[in-house]
Protein chains: 2
Amino acid sequence: MDLYSGYINKLIEELAALPGIGSKSAQRLAFHIINMPKARVERLSNVILDAKANVRYCKECYTLTDQEICPVCANAKRDHGMIMVVENTRDLAAYEKTGKYVGVYHVLHGAISPMIGIGPGDIKLKELMQRLEGEVDEVIIATNSSLEGETTAMYISKLIKPTGIKVTRIASGVPVGGDLEYIDEVTLLRALEGRVEL
Amino acid sequence: MDLYSGYINKLIEELAALPGIGSKSAQRLAFHIINMPKARVERLSNVILDAKANVRYCKECYTLTDQEICPVCANAKRDHGMIMVVENTRDLAAYEKTGKYVGVYHVLHGAISPMIGIGPGDIKLKELMQRLEGEVDEVIIATNSSLEGETTAMYISKLIKPTGIKVTRIASGVPVGGDLEYIDEVTLLRALEGRVEL
């Protein structure tokens, strides 16, 4: 739209490139941002830069954190012999919110998906296998119950089986096709309790 | 959520404060932003600042623009004696996209809404009345067909009537309760053609 300022157009363009934001929402957001007080606009701009600059992977579990080692991995009271494998940090947060899981995590940052060209080498799988060289009693696979999540679960279980380490999959309490982060805590807990050995 | 980094939490907070973005969307967006290439994050951060710094009100019609006078008002071919009053720049853009309106605009930046404490003094109404001291043949009121939009239309028409200037309202082709910016161009044109004198 030529009638908007070039500055507005650029802002709308950048916002529309974000996931889940269509062109109408991007317009709404852009005008909202322009009408915000200058101090708030600067804060928004800065938190974006700060988050990018300061957030990195935990050296143990690869979740996003601003420390060398994330709070979960740094906690000596957690069971470091029990590793729950999740697709991303939001899924970790979902399980962490139940407050009942005592083990640690491993964040894959994705799931195997031949359809869009994501193979085992594109997720943090090598890093998981390296961790298993330490003292690990059980690996709980908590990838989503989507096609990609199930594929990833099967792949990981086949990879780990030869090591003799116990591999479990969270129970089918999680609705098929569901995304972990949108599921209520009770269901998440039930799925954890009902986990079965693969 | 304490388990996220403080930097992530701050970003989620700022994003969730934007209109139409819930806490789940804010989380998704935040992680997406953190995973974007550094250059794109910087671009996003900069366009936000640039838009805020460079966008201001057109001195004539008060639409958002990066020039003293917006392209519509600066265009000598437009009929400057015909002023369409809209609630915001997005509504102006909606009519401008029809490509058939030859007059100019006046952007109120809001609508009268006693419910949320927005009175005639809180929108660009005084500025509209000042423009009517010049040579104006017709004022077309194109506020939304919501309660606030209708209230504003009635208020403006009563204000202008004594000046003898023709006041019209876009026809009810616009669905009741609808928001101008979401309406298709044909309906917008029909509403313009069927405008009636108030």
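Biologist: How many residue pairs are in polar contact across the interface of chain A and chain B?

Modeller: This is a predicted model, where local features need pLDDT of at least 70, side-chain atom pairs count only at pLDDT 80 or more, and totals for chains, interfaces and linings use all residues. Residues are numbered from 1 along each chain as its sequence is written, chains are lettered from A and ligands numbered from 1 in the order written, and side-chain values use heavy atoms, without hydrogens and water. A polar contact is a pair of N or O atoms within 3.5 Å; within protein, one must be able to donate a hydrogen and the other to accept it, and residues adjacent in sequence count only if both atoms are side-chain atoms. Across the interface of chain A and chain B, with both residues at pLDDT 80 or more, the rule finds seven residue pairs.

Biologist: Which element gives the largest share of the side of chain A that touches chain B?

Modeller: Helices (H or I, at least four residues) and strands (E, at least two) are DSSP runs, numbered from the N terminus. Elements giving two or more residues to this side include α1 (6-16), α2 (23-35) and α3 (38-54) of chain A. The largest share is 14 residues, and it comes from α3(A).

Biologist: Which residue of chain A meets R43(B) in a salt bridge?

Modeller: A salt bridge puts a side-chain nitrogen of Lys or Arg within 4 Å of a carboxyl oxygen of Asp or Glu. The rule finds two across this interface. One joins E14(B) and R43(A) at 2.6 Å, N to O. In the other, also 2.6 Å, N to O, the partner of R43(B) is E14(A).

Biologist: What area do chain A and chain B bury between them?

Modeller: Buried area is the accessible area (1.4 Å probe) that two parts lose on being put together, summed over both. Of the area here, 69% is on carbon and sulfur atoms. The total is about 5,300 Å².

Biologist: Why do the copies meet through the same surface?

Modeller: Contact means heavy atoms within 4.5 Å. It takes 55 residues from chain A and 55 residues from chain B. The copies meet through the same surface because the interface residues of chain A are also interface residues in chain B, to the extent of 100%.
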